[in-house]
Structures are given as C-alpha cells and as structure tokens.
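Please look through the structure below slowly, with the sequence beside it. The paragraphs that follow take up its charged pairs, its helices and the confidence of the prediction in turn.

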Amino acid sequence: MYPPGLNPEMIAAFHQKSDASVLVYRLATTLAQKQQIAAKIKQINQTGSAYNIIGLVVKRSLRPNIMFCSQFVYQMLRLSGLAYFTKADGNVKPTDLVELDYYKKLDFCYEIKFN
C-alpha cells in the first residue's frame, strides 16, 4: 500500500497479473495550459491532498484536494480548458477518459505490457 496523494505511482502491482498493461496517450496542449496544470499541482502539493476513497461511493469530494485518480485528471483538464467531454468530476471513471473521446483529441502513443 502506498501513501495517498499526488505521488509518483508504483507499478509493481501490475506485475502480479499476467494480462496487465498500461495504455499511454497524449493530448495536445499549449505551454500556458501546461503551466496552469503545473501551478495547480504545486498548490495542491503545498496544501496537502489525499485519495478520495469515500468519493468512489458518494461520487463527490468532501474537500477540494481529496480526489480519486480519474477525478484528478478530469479536474486538471477542466481547469486548463482541455476537457473534451462533460461529466460531473465525481462520476468520471478511468475508462471515460478514452471512451468519451468522441472528437479524437487523444493520440495513442504505446502500450506497456507486464507479462
């Protein structure tokens, strides 16, 4: 178990499943959008954050810096004007980030396999 928050993720757990993989996508941004996201992440890291385990059930955050992964990604997309679908952030599932890309904003880069 790893500490909650915006920490580098450990991928050791993926090696435990023979069919595990990670799909890597990129999204075109401007320098200003990247800087806006980086500034928000810096602010979140300074004020503290936590994993929103309750939000997985109740579909909302009790405090601004408590998020689950897809909720965090979607909030950063919205903040920077990069959101390519509309959904309440507490309802965003990881698969939504790819499946709701109707206008093909994402560019598939590669797959990392762990077998």
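A salt bridge is counted here when a side-chain nitrogen of Lys or Arg lies within 4 Å of a carboxyl oxygen of Asp or Glu. Side chains of opposite charge can pair when their charged atoms come close. In this model, which is predicted, a search of the whole structure finds two salt bridges. In one of them, the side chains of R26 and D107 meet with a distance of 2.9 Å from N to O. Because R26 belongs to strand 1 (residues 21–27) and D107 to strand 4 (residues 106–113), this pair ties together parts that are 81 residues apart in sequence.

Turning to the helices, helix 1 (residues 31–47) packs against helix 3 (residues 69–79) at an angle of about 130°, and their axes are 9 Å apart. The two helices are therefore oblique to each other, and helix 1 passes helix 3 in a right-handed crossing. Where they touch, Q36, I37, K40, I41 and I44 of helix 1 meet F72, M76 and L79 of helix 3. Sorted by class, this contact has six nonpolar residues, one polar residue and one charged residue.

How confident is the prediction, and where is confidence lowest and highest? The average pLDDT of the protein is 84, and 83% of the residues score at least 70. Confidence is lowest in helix 2 (residues 55–58), with a mean of 70, whereas it is highest in helix 4 (residues 96–99), at 96. Over residues 1–6 the pLDDT is below 50, and this stretch has 12 contacts in the model beyond near neighbours in sequence.

Methods:
Residues are numbered from 1 along each chain as its sequence is written. This is a predicted model: local features need pLDDT of at least 70, side-chain atom pairs count only at pLDDT 80 or more; totals for chains, interfaces and linings use all residues. Side-chain values use heavy atoms; hydrogens and water are left out. Axes are lines fitted to C-alpha atoms, for helices over the stretch in contact, and angles run from 0 to 180 degrees between N-to-C directions. Helices (H or I, at least four residues) and strands (E, at least two) are DSSP runs, numbered from the N terminus. Angles under 35 degrees count as roughly parallel, over 145 as roughly antiparallel, 65 to 115 as roughly perpendicular and the rest as oblique. A crossing is left-handed if the near helix is turned anticlockwise from the far one by less than a right angle, and right-handed if clockwise. Contact means heavy atoms within 4.5 Å. Ala, Val, Leu, Ile, Met, Phe, Trp, Tyr, Cys and Pro count as nonpolar, Asp, Glu, Lys and Arg as charged, and the others, Gly among them, as polar. pLDDT is the predictor's confidence in each residue, from 0 to 100.
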